[in-house]
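Visitor: Hi! Could you walk me through this one? I'd like to start with the ligand and then get to the helices.

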Amino acid sequence: MRVIEAIRKRRSYRSLKPFEVSEGLIFDLAESASLAPSCNNNQPWRFVFVTNRKKLEGILEVMPKGNQWAKNAGMIVAVFSKKDMDCVLEDNRDYFLFDVGLAAAFLVLRATELGLVAHTIAGYDPVKVKEILNIPQDMVLIALVIVGKHSRVTSPLLSEKQIKAELERPERLPFQKFAYINSYSSEVIEETQ
Ligand SMILES: Cc1cc2nc3c(=O)[nH]c(=O)nc-3n(C[C@H](O)[C@H](O)[C@H](O)COP(=O)(O)O)c2cc1C
């Protein structure tokens, strides 16, 4: 699969069916993440690949109602780091979140290429998830990536909005609202004919 195909195919689906996670899959996803660039090659990303049923259930218990669809995940990947594990440069350039985001994106795209859903979430109790996974409390649990197989049967746990997002990709900003050529302008430039 070409990179552009994986980028276009990736979706944060919520209707999942469980699947058997192999150790090979974990190594494969970890390799893709590890090949991401990072400031000074600091590689500030850390992951816990969670496949243990009891732990998955424990994590589900500390997620809000809106994320209960994750119960059909085959695996949850905890993504964490700490500010001092990466470059801290002048003008507020703390690079750890940026670099971990790059690595997580590589992981998500590789999972997509392998025919899996890899849905990033921020809705969970970070203190409790860190406890469950033995992650030190001074680390930042940046995100969880819910990994599953896409089910064509819409999950009964979804809200109206979530069902809509299942059917069509949530809208993106048009080019003019987020990209500039040669110089930034805070004014919204109308599309020229
Ligand atoms: C940092 C981050 C946090 C997110 N948190 C949640 C979440 O808690 N629950 C959820 O269902 N989706 C969550 N999402 C998924 C977004 O809602 C989704 O990416 C967005 O609506 C665009 O849809 P798409 O990924 O299918 O293109 C999150 C995504 C990111 C990157």
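Guide: Happy to. A nitrogen atom of the ligand is 3.0 Å from a polar backbone atom of Ala122. Keep in mind that this is a predicted model.

Visitor: Which part of Thr120 lies 3.1 Å from a ligand nitrogen, backbone or side chain?

Guide: The backbone: one of the N or O atoms there in Thr120 is 3.1 Å from a nitrogen atom of the ligand.

Visitor: And what does the side chain of Arg10 sit 2.8 Å from?

Guide: An oxygen atom of the ligand, with the 2.8 Å running to an N or O atom in the Arg10 side chain.

Visitor: Which residues come nearest to the ligand overall?

Guide: Arg11, Ser12, Arg14, Asn67 and Arg172, out of 14 residues around the ligand.

Visitor: Okay, switching to helices. How do helix 2 and helix 4 cross?

Guide: Helix 2 covers residues 23–34 and helix 4 covers residues 96–113; their axes come within 7 Å and cross at roughly 140°. Helix 2 and helix 4 are therefore oblique to each other.

Visitor: Is that crossing left-handed or right-handed?

Guide: Right-handed, for helix 2 with helix 4.

Visitor: Which residues meet there?

Guide: From helix 2, Asp28, Leu29, Ser32 and Ala33; from helix 4, Ala103, Phe106, Leu107, Arg110 and Ala111. By type, that contact of helix 2 with helix 4 has 6 nonpolar, 1 polar and 2 charged residues.

Visitor: What about helix 3 and helix 5, what's their angle?

Guide: Roughly 170°, with the axes of helix 3 (residues 53–61) and helix 5 (residues 126–133) coming within 9 Å. Angles over 145 degrees count as roughly antiparallel, so helix 3 and helix 5 are roughly antiparallel to each other. Helix 3 passes helix 5 with a right-handed crossing.

Visitor: And who makes the contact?

Guide: Lys55, Gly58 and Ile59 on helix 3, with Val129, Ile132 and Leu133 on helix 5. Sorted by type, the residues in this contact of helix 3 with helix 5 are 4 nonpolar, 1 polar and 1 charged.

How values were computed
Residues numbered from 1 in each chain as written. Predicted model: local features only at pLDDT ≥ 70, side-chain atom pairs only at ≥ 80, totals over all residues. Heavy atoms only, no water. Axes fitted to C-alpha atoms, helices over the stretch in contact; angles between N-to-C directions. Helix = DSSP H or I, 4+ residues; strand = E, 2+ residues; numbered from the N terminus. Parallel < 35°, antiparallel > 145°, perpendicular 65-115°, else oblique. Left-handed = near helix turned anticlockwise from the far one by under 90°. Contact = heavy atoms within 4.5 Å. Nonpolar A, V, L, I, M, F, W, Y, C, P; charged D, E, K, R; others polar. Near = heavy atom within 4 Å. Polar contact = N/O pair within 3.5 Å; in protein donor to acceptor, adjacent residues only side chain to side chain.
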